[in-house]
Amino acid sequence: MRSTDNSQIQGRALGYAAWCLVLGATPAVHAEQWYVEPSASIRALYDDNVRLGSVNNIGSFAATATAEVESGRRSETTELGVRAKLLASRYTEVSDLDETDGMLGFLSARQMGRSRFKFDGEFNYDSTSTSEVSTTGFVQANKRRQRFLLSPSWNYTLTPRSQVEASFSYQGVAYEDVELIPLFDYSFSQVGLTLIHSLSERSQGFSRVTYDKYDASTVDTQSDNYGFELGANYRLSETLTFSAFAGLRHSKAETPGLFGIEETENTGPLFETSLTKTFQVGQLNLKADRSLLPSSSGTLLDTTSLGMSFDYPIGPRWTLSFSAEGYKNRTPDGNSSSSDRDYLSFSPRLRHRLSESLYLDLGYRYRWQKYDTRSDEAESNAIYLGLQYSLPREPLRRWSLLE
């Protein structure tokens, strides 16, 4: 059956969120100070291929408005925070892409002797036009997506030089009104155990084992995946840090076939590398990784991703930024499928600080996408002008009516 009981998912999400907020509120009683950090932005843009389609490209002007707030309190041993975001987008030529997205999240942490507990969660109500970029690439239609995420973890200091961390995460994703579109609800759970050992003042060694389970019940597919990685983090200088993980994963999948459920097994590499360079002014970040990502295509995707971000002030009030990301999606078993795709996006931006809290942005964005099963490519060029207002983090009492 293709439909999903969204009301039950929403009910579970709200119930879990309420339970976690109560759990996280307990250790925050002795926090020293509340804070609040609101921000808002508006943006006008023109995109010459707003759907990122390979045929019948449609250009459109658009306007977006974003409001965001983060609030909480923190002490030396506890932290409790809540964040919320609302995004509205409107298009002149393709009104069916108009959307209003929302996000509500929380985080809590507590240090108890050698142990540190964290409990994070998030609920998203957004659109496939933005949520499918890293996996299926299906951004041509505006279908609503609900995503619920829980992520607790525990870190324990074994010795002055060694730590162990246990983590768990669960996410449930459901789509609305997708009867004629190949988007399938799924859940994804992951358990990890990491051993961290300081080799010197500049370096750390890591070993990590993981298990995750993917389940797309609407199409009767599921998979179990086991991974093992070794890695290290090394501070090459006061301003340059490099880290790398590498290992293998083994996957067992069940998919429906002509003669019932078919079972397959496959093995593949895992890796993750990052390089961070901090300049006297500005910063450069490079990242590359290969992992299994859950997707709405009814299967996990063996994904190689690249990312880059760069910020460099070019004057007292001007900052030049550049960001880029790329994805190569394939099926874990190596067989050809309609999900095999390559994606690239990059965006240079020039920011001008009008005041301590007000910024003006002028930027350009390029997107490119190619599916292996199709001969044509899709390209998009967009230019935008935005205004952002961000207040620095201040004590909450400045905003309280009780003061």
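Which strand gives the largest share of the lining of the second largest pocket? Point 2 takes this up, after a note on the model.

1. Basis and overall make-up. This is a predicted model, in which local features need pLDDT of at least 70 and side-chain atom pairs count only at pLDDT 80 or more, while totals for chains, interfaces and linings use all residues. Residues are numbered from 1 along each chain as its sequence is written, and side-chain values use heavy atoms, with hydrogens and water left out. The chain holds two helices and 19 strands (DSSP runs numbered from the N terminus: H or I of at least four residues for helices, E of at least two for strands). Of its 403 residues, 38% count as buried (buried is under 20% relative accessible area, exposed over 50%, partly exposed in between, with a 1.4 Å probe and protein chains only). Among contacts between residues at least 6 apart in sequence, 54% join residues at least 24 apart; contact means heavy atoms within 4.5 Å.

2. The second largest pocket. Strand β7 (residues 162-175) supplies the largest share of the lining, eight residues. A pocket is an open set of points on a 1 Å grid over the protein atoms alone, where a 1.4 Å probe fits, with protein on both sides within 12 Å along at least five of seven lines; lining residues have an atom within 4 Å of a point. The space in this pocket is about 1300 Å³, the volume being that filled by probe spheres set on grid points joined across faces, edges and corners. Of the 50 lining residues, S169, F188, Q190, S291 and L293 are the closest to the pocket centre. By class, the lining has 18 nonpolar, 17 polar and 15 charged residues (Ala, Val, Leu, Ile, Met, Phe, Trp, Tyr, Cys and Pro are nonpolar; Asp, Glu, Lys and Arg charged; the others, Gly among them, polar).

3. Aromatic pairs. Rings of Phe, Tyr and Trp (its six-membered ring) pair if their centres lie within 6.5 Å; planes under 30 degrees apart are stacked, over 60 edge-to-face and the rest tilted. The count by this rule is 13 aromatic pairs. One of them, F279 with F310, is edge-to-face, at 6.3 Å centre to centre and 85° between the planes. F279 lies in the loop between β12 (260-278) and β13 (283-294) and F310 in strand β14 (residues 300-313), so this pair ties together parts 31 residues apart in sequence. F310 also pairs with Y312: the centres are 6.1 Å apart and the planes at 5°, so these rings are stacked. F279 is partly exposed at 32% relative accessibility, as are F310 at 22% and Y312 at 35%. Elsewhere, ring pairs link F322, F346, Y364 and Y366 into a cluster.

4. Charges over rings. R144 lies over the face of Y125, 4.9 Å from the ring centre, and R374 over that of Y371, at 4.2 Å. The criterion is NZ of Lys or CZ of Arg within 6 Å of the ring centre and within 35 degrees of the ring normal.

5. E68 belongs to strand β2 (residues 60-74), and T64 lies in strand β2. E68 is partly exposed at 34% relative accessibility, whereas T64 is buried at 16%. Leaving aside neighbours within four places in sequence, E68 contacts E37, P38, S39, A84 and K85. T64, not counting residues up to four places away, touches S41, I42, R43, L87, A88 and S89.
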